[in-house]
Amino acid sequence: MLQDQQIDNATATANRLSVRNIRKSFGELEVLRGISLEAHDGDVISILGSSGSGKSTFLRCINLLEIADEGEIWVDGEQIQMVKKQGKNIPVSSRQVDHIRAELGMVFQSFNLWSHMTILQNLIEGPVHVLKRPRAECIAEAEALLEKVGIAEKRHAYPAHLSGGQQQRAAIARSLAMKPKVMLFDEPTSALDPELVGEVLRVMRSLAEEGMTMLVVTHEMSFARNVSNRVIFMREGQIDSDGAPETMFSDAASPAFRQFIGSFRG
Amino acid sequence: MDFAFLFQTMKTLLAAVPMTLALFFLSIFFGGLLALLIVWMRVAKNPVVRNFAKGYIFVFRGSPLLIQMFLVFYGLGQFGFIRYSFLWPFLREPFVCAVLSLALCTGGYTAEIFRGGLRAVPAREIEAARSIGMSGFLLVRRIIGPIAFRHALPAYSTEIVMMVKSTALASLVTVWEVTGVAQRLISQTYRTMEVFLCAAAIYLVLNFLILQATALLEHRLSRHRRAAPRLP
């Protein structure tokens with residue numbers, strides 16, 4: 001038993017991200033009912049599911065914007081320390097929570113750029129003030145990142161002056177500026193006009209090709225099918241099915257998943 | 001029109017402007033610090049702390065500033081523990097009493113103005129800051145504070161202008177600022193109209209300058225809300 005635990009922890013240490021049996025309730029409502037996931041270096045995992053299936057909550061529990069009531073989370077071999085209080089997990093150290101969050105890049109559905117700062121200021125905010133790195137270095141890196149996501153000419157503009165697609169690319173660059181070990185995307189294209197979705201997906205695809213470990217909650221079936229190497233289908237707070245896109249999008253998929261993608265082709 | 005008298009009056013009143021400005025700047029400064037403390041208590045989770053701040057704001061917003069000033073000036077000396085404490089050499093000074101009561105009062109108003117600013121900070125921008133590992137004082141200093149201050153500034157500039165005018169009350173606790181000096185001139189000359197018109201003109205000019213300054217600050221801090229500059 002003890003040996004099992006040790007082997008188990010060894011896999012958790014080797015993986016980029018390891019989530020064990022996460023549970024989360026909001027009051028009476030049980031949103032996550034025991035979810036586990038192992039992400040290896042370079043994995044691109046698409047998380048699909050209808051609204052209310054718990055996929056966003058799952059992502060928010062990983063970077064501790066919500067604290068799961070039960071379960072373990074390991075990021076790059078480091079376990080997040082929890083204590084039980086009235087049967088629910090509470091992080092032991094807020095310092096560790098900050099440290100783990102700095103290692104996990106989060107991209108939000110509604111971009112959440114800081115509206116009073118220019119795009120460049122948005123990008124260097126974390127590296128300069130959280131990671132305490134030299135400003136000049138951070139600016140040079142930030143400019144390279146803006147170049148990469150194709151909005152270098154917008155570096156002195158404010159978020160409100162950008163289109164939704166540009167804002168989301170800036171938000172991705174802001175996360176990348178922290179040099180995260182894993183990137184979490186929470187429906188990154190759901191708030192965008194259809195013609196702006198492509199530019200954001202292109203940036204995400206190139207990130208995936210560079211070997212970034214990514215968890216992507218999305219409704220973009222083409223991304224799930226063509227870019228990710230693993231697809232997870234969530235239903236009612238649990239993982240309904242899980243596999244490579246080739247298997248998931250074949251006749252071998254679970255009936256619930258087939259029904260789910262059927263509603264998209266509808 | 002007796003220009004010689006107006007000129008002489010203006011000269012006498014202008015000599016009292018430094019006193020008015022000293023009352024104003026000191027009470028805005030200490031009142032601002034106090035407001036930060038009160039608003040921090042006001043949004044605290046601890047109900048005792050929160051209700052103390054609520055009570056403070058209620059008392060200082062709900063009663064006349066003049067009465068508060070009289071209570072500080074005439075009232076504090078009645079308490080032995082103040083009269084015989086190391087504070088007494090300060091607290092028996094009319095100027096100190098005036099600054100103290102002005103600061104205590106504006107602290108309550110400003111706390112509510114700042115709270116309004118805090119409530120206008122979008123939760124998602126705070127969440128974005130948390131998601132990169134910001135928390136505590138860093139989060140307040142870099143994200144919450146700057147956004148809240150921008151939202152609070154229009155209302156706060158009104159409070160600042162009110163404070164310039166409130167310094168006139170200090171004349172009633174024998175501080176020789178502009179209004180006090182004006183009243184002394186009137187009791188000597190019985191020329192109410194000219195003297196008070198001069199005094200009013202001085203307050204108008206002071207407030208004009210202060211409003212220009214706050215408008216400039218507001219303009220500089222709201223670049224993100226204006227249309228993008230057209231680049232050549």
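# Close-up views of a predicted two-chain model

**View 1. Helix 8 of chain B and its covering elements.** The buried residues of helix 8 of chain B are covered by elements that include helix 3 (94–103), strand 8 (104–107) and helix 6 (164–176) of chain A, together with helix 9 (136–166) of chain B, where contact means heavy atoms within 4.5 Å. Helices (H or I, at least four residues) and strands (E, at least two) are DSSP runs, numbered from the N terminus. Helix 8 spans residues 123–131, and its buried residues are B:Glu125, B:Ile126, B:Ala128, B:Ala129 and B:Ser131; buried means under 20% relative accessible area, exposed over 50%, and partly exposed in between (1.4 Å probe, protein chains only). After helix 8 of chain B comes B:Gly133, with a positive phi near 100 degrees.

This is a predicted model, in which local features need pLDDT of at least 70 and side-chain atom pairs count only at pLDDT 80 or more, while totals for chains, interfaces and linings use all residues. Residues are numbered from 1 along each chain as its sequence is written, chains are lettered from A and ligands numbered from 1 in the order in which they are written, and side-chain values use heavy atoms, with hydrogens and water left out.

**View 2. A salt bridge between distant parts of chain A.** The side chains of A:Arg16 and A:Asp41 form a salt bridge with an N to O distance of 3.5 Å, the term meaning a side-chain nitrogen of Lys or Arg within 4 Å of a carboxyl oxygen of Asp or Glu. A:Arg16 lies in the loop between helix 1 (2–14) and strand 1 (17–26) of chain A, and A:Asp41, 25 residues apart from it, lies in the loop between strand 2 (29–39) and strand 3 (44–48). A:Arg16 is partly exposed at 21% relative accessibility, whereas A:Asp41 is exposed at 53%. Both belong to a network of salt bridges that also links A:Asp76, A:Glu103 and A:Lys181.

View 3. A:Arg205 and A:Glu209 meet through their side chains in a salt bridge (3.9 Å, N to O). Because the two residues are four apart in helix 7 (residues 194–209) of chain A, about one helical turn separates them. A:Arg205 is partly exposed at 36%, and A:Glu209 is exposed at 60%.

View 4. B:Cys105 is buried, with a relative accessible area of 5%. By the disulfide rule (a pair of cysteine sulfur atoms within 2.5 Å), the count over all chains is zero. B:Cys105 is in no disulfide, and its nearest cysteine sulfur, that of B:Cys97, is 15 Å away.
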